[in-house]
Amino acid sequence: MYELKTLLPQFEIKLPTCMYDLKNVSLTGSPSTGAGISSSSSLIKKIQSLPQQQNASGKSYSSSSATCALDLDILGRQIQQLLKANNGKDTSAVVARQDKVLLQLEDLKAQLGKIRAGLGLCGKTIQHTTGYQNGGLKEVPLEDIVINGHPNFIPYALLALKNAWRDLYTIDIKTFTHSTMADIGPAAREFEQNLAKVPINESLPKINVTLIWKNCEHTEMISSPTMYVPIYGEVNIIRYLGRVGPAEYRYEGSPVCNEIDLVLDICYQLLRCTTHKSQVAMVRLLEKRLQKQQYFGGSQMSVADIGVYSSLIRMPAITDKDLTPALVAWRKRAKLVTKI
Amino acid sequence: MVEEKENVSANGEQVSKKGAKKAAKAAKKAEQKAESAAAASAGNDGEAGDNAVDHAQGRYGLSEMIQSKDKRSERVFVTVPELVNHVDKGLVWVRGRVHTSRAKGKQCFLILRQQSSTIQCILAVNDIISKQMVKFTGNIPKESIIDIQAKPVSVPNKIESCTEQTVELCVEQVFVISQAKPQLPLQIEDASRPENPDDAEGLNIRVNQDTRLDNRVLDLRTPANQAIFRLEAGVCRLFRDILTEKGFTEIHTPKIISAASEGGANVFTVSYFKDSAYLAQSPQLYKQMAIAADFDKVFTVGAVFRAEDSNTHRHLTEFVGLDLEMAFKYHYHEVLHTIGNTFTAIFKGLRDQYSREIEAVGQQYKVEPFKFLEPPLILQFAEGVAMLRGAGVETGDEEDLSTPNEKLLGRLVKAKYDTDFYILDKFPLAIRPFYTMPDPNNPIYSNSYDMFMRGEEILSGAQRIHDPEYLIERAKHHGIDTTKIAAYIESFRYGCPPHAGGGIGMERVVMLYLGLDNIRKTSMFPRDPKRLTP
């Protein structure tokens, strides 16, 4: 090897005094690895000393050739020789060093395990809740949400979602009656009982919902008391839950996203219809969307089906007579999932 | 008399002359008074300035003091609210107070008040009623109690100034039963005027709190006060009825005690023969002893004394405590839910049975109706702290809620859940008394709870430690001299079921239920550091 003249003027690097040398963790405390290092550094020294030897011994080289000290052939030979001499020793040193590193890693793992045990965390890997389920959204704990509903407009979608997500996601619903309601009526009470029947699986990701029967005009949802932006309408609550719920029901990235939104909008209109005639007209629109498909928006159950199904429950005037065979068949399929 | 004597001795004639003048004046006045009184009571012919024959003689006047001479059972009395059912059915008797009376020539309008109900009465000169009678009626001082015989008739136009708007009374006889002083320290009308800070045009005459309390007898006659104390009675009645139905037994605990019961802070000392004693600041020890004595579920209603020199809107030195204590099987939530449900039942009872009273109070003090959830909302203390932090308030995990934080949390809970009543469970152990049972799962917390109405704490309760050894350990941890509480610890030596409980102040609950701004409004004769009378 040869020395290169530095292009830049020579200068010393002054290390700041606030820095200090770190010991190399993987190499400390073992004589065998120390030997490994020293052997390799001795190798470098030998290589460095080569040009001088050559200069001293070689007579064929002119003084000008001294600047070009690298005779690749000789150098290659010399390196080969040196390597041959050190070969067996070096590989064994590397193997030993690797073993050492592995041992140290094991040690580290055991230590971490002890620390964790000391902190009282469970040995299982931590379950990712919403962050993981949110498809890479920033992991923030979900606010408990409050839904105000009138007993005359029961949000059946909650029960439908709870049943449909039984194995994917837990919606923990607590029901209360507000003082503005003297009596909630038998339908709402039955709804409460049905909600309570669905078992709560604590191991699944979960959202807490407080359902309050209240003398209010709209079904509304409140998540944060400081950022009071209520969400009105049952379908919009379905949309919200669809976003925070399991990945299977998240439709924003889906190609049928617009279709699902359209169906949910029709549900919204349907719920506002007061006459049987206008209700039937809305059902016709739904039929057009469904056509020959298994579910609204394709072959998979989606929040659109939840919306339509729970809206139809609120319309006792709409019987199977008002539905086409395709819708009746769909209703049966959906019933298997929603279980209402 | 004494004064006069002194004056005379001081400097002779001049003063005595003055005195004589004074005496003469007084005598004249008395004479006039006696004359007019005689004239009024007898209804004599020779009335001053009016020589006409009084054909209504005997139909009006001052009644002699009722000393239970006659039974007069022939007089059938009807209450004011019932008068609607007696329209055009002949004469009835009504007893009430003169709310206002106004004589105008040949007519007199009088508003008769009976508790919170008012009705208009009319007298007009005709062949039954004389001019003198109208004049007499117009001069009856306000707040006097009168008996009238009158004919209820329906009116074409609603009478806006009275509670009975469709009926009025045509009076035929008027007798004054008990006369009020003509000068009242406060006018009932002023005292019952709605508090309406936005209304700049309306009459702004108010009666301040101290004047009201100094003349509490008059002040209590306003419709709002009538309603407040009827509702307060309702709170007590519902508390008793609901708990009795749940299998509780009412007990009475001593109010004179030998040692401070709770911590030892702020007790009144009273002399007790040769020794001194204290006024009970909580019936807690006795409630617990009743539990140890196998009463299972007990409650008590009684006076509680706190020698706290705090002049705030929500502190009294004597108030009525509604306390309960209950043994449970395995989890103190059995008790928590019982207390919570009792509250909900009280609120529902008030809402359904006392709507008239609530409305009457609302007419004077504009407040939103009390809202609650059924079953009651229970939040964990940690959740409450998280909500506060979400609103940008820095508060520690083991820190007690400061009053502003307490109010803010109340507002947050109201905004989210729309309820004025909620329970905060699992308070930090560090801020609770030594007898509070620690949480078995987390050493920071304890099995204790607070309940809030409109963002103010009304009940503080906990599972109490029922194991004497553990109690001693906890007391030592708190640096309490165990010899002083030996009797308390002793009561658990003979076996005691696990139990929990809590207590509320009746006045505070009524104040917060109605949304009033001062606890003195809900205490009939309040006691605070500055008031011992009336």
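**Group meeting: Phe381(B) and the A–B contact**

Hi everyone, let's begin with one residue: Phe381(B) counts as buried because 23 C-beta neighbours sit inside 10 Å of it, and the cut-off for buried is 20 or more. Please keep in mind that this is a predicted model.

Where does Phe381(B) sit? You'll find Phe381(B) in helix H11 of chain B. And what does Phe381(B) touch, once we set aside its neighbours within four places in sequence? Its contacts are Leu424(B), Asp425(B), Lys426(B), Phe427(B) and Pro428(B). Take Pro428(B) from that list: 47 residues separate Phe381(B) from Pro428(B) in sequence, while their C-alpha atoms are 7.9 Å apart in space.

Now, on to the contact between the chains. Chain B brings 16 residues to it and chain A brings 13 residues. On the chain B side, four elements supply at least two residues each: helix H9 (333-353), strand E13 (373-374), helix H11 (381-390) and helix H12 (403-417). So that you can find the main contributor on screen, look at H12(B), which gives the largest share of this side with 4 residues.

One more thing before I hand over. How do E2 of chain A and E13(B) pair? Strand E2, residues 170-178 of chain A, runs antiparallel to E13(B), with 2 bridges between them.

Thanks, everyone, and I'm happy to take questions.

Key: Residues numbered from 1 in each chain as written. Chains lettered and ligands numbered in written order. Predicted model: local features only at pLDDT ≥ 70, side-chain atom pairs only at ≥ 80, totals over all residues. Contact = placed C-beta atoms within 7 Å. Pairing = 2+ DSSP bridges. Buried ≥ 20, exposed ≤ 12 C-beta atoms within 10 Å, placed from the backbone.
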